[in-house]
Amino acid sequence: MPEELSFDTAPRCNASSIRMLLENAGVMPAELAADISQIEEPLRNTLEQIPFQAPPKVRPNGVVLAGTTGVGKTYAMAALAKHQLLKKYAYGIPNQFDPANSPAIWRSVLDLVTEWRSMALHPADQERLFRRLAQADFLFLDDLGGEIKERGGREYDRGIAFIDRLIRARYDHYRSTSCTTNCTAEALIMRYGAPFFSRLQHMSMWIEFPRGSRDRRLRGKP
Ligand SMILES: Nc1ncnc2c1ncn2[C@@H]1O[C@H](COP(=O)(O)OP(=O)(O)OP(=O)(O)O)[C@@H](O)[C@H]1O
Ligand SMILES: [Mg+2]
């Protein structure tokens, strides 16, 4: 198989196989309709240029979409997911019929940390979950920094340590990781620490929605 796929000439996965992959990845039904053609320039062009791991060891190979609520971060990440997966798996999807081993994972960070904490009495299950998250070709984390509201305390520290360890593991293996966040860079540093933020910025392109971007939920979508 050639190193660099030509998006125009590669035999495409059909729309239903990519939809199934996205569903198995955990993408919510509302986000399944997201399409990169609906994203305004220059963001659209930036997203289209993000490598999809060919050649495999390249940075950045994901994005951090930062901005206030309702500006379209989750929509843009879903559109990116579709775009990257279509390119990466143009020749076929590994484990296509096995949701437990999807090569791409999409999770809300709040749900993820809640699930991880619910396994507190089962460290082997926690480790299995961690390995799956750490090893997936693509990881899409929605709402980084939205996982635990109350600062301080053991639970807070454990949730933070879990996300920190996950990002470090993915960084070390050049695995494509994209996130959305309502946090500023400073807030992420406060929450997860400078080493975490340094790695995140190196592995995933920081894209900030401009201040004053409209809340699409309140003022219509177009
Ligand atoms: N480019 C777009 N074209 C069409 N609809 C869009 C687009 N961007 C966002 N939307 C719609 O606008 C609404 C808000 O977008 P989204 O959920 O992505 O915001 P968000 O920045 O993730 O907000 P939050 O921080 O609250 O999670 C959604 O209903 C989404 O489908
Ligand atoms: Mg969102």
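Start with α9, which lies across β1, β4 and β5 and runs at about 90° to β5. Contact here is C-beta atoms, placed from the backbone, within 7 Å; angles run from 0 to 180 degrees between N-to-C directions, with axes fitted to C-alpha atoms, for helices over the stretch in contact. Helices (H or I, at least four residues) and strands (E, at least two) are DSSP runs, numbered from the N terminus.

A word on the model: it is predicted, so local features need pLDDT of at least 70 and side-chain atom pairs count only at pLDDT 80 or more, while totals for chains, interfaces and linings use all residues. Residues are numbered from 1 along each chain as its sequence is written, and chains are lettered from A and ligands numbered from 1 in the order in which they are written.

Next, select the strands. Five of them make an open, parallel sheet, in the order β2-β3-β4-β1-β5; strands pair if DSSP finds at least two bridges between them. On the edges sit β2 (104-108) and β5 (204-208), each pairing on one side only. Zoom in on β1 (residues 62-66): five bridges join this strand to β5, and Ala 66 has Glu 208 as its bridge partner there.

Now pick α8 (residues 185-192). Its buried residues (20 or more other C-beta atoms within 10 Å of their own, again placed from the backbone) are Leu 188, Arg 191 and Tyr 192. Seen down the axis, they fall within an arc of 75° (directions from the axis to the C-beta atoms), so they line one face of the helix. They pack against α7 (154-172), β4 (176-181) and α9 (194-203). Just after α8, click Gly 193: its phi is positive, about 100°.

Note on methods:
Buried ≥ 20, exposed ≤ 12 C-beta atoms within 10 Å, placed from the backbone. Contact = placed C-beta atoms within 7 Å.
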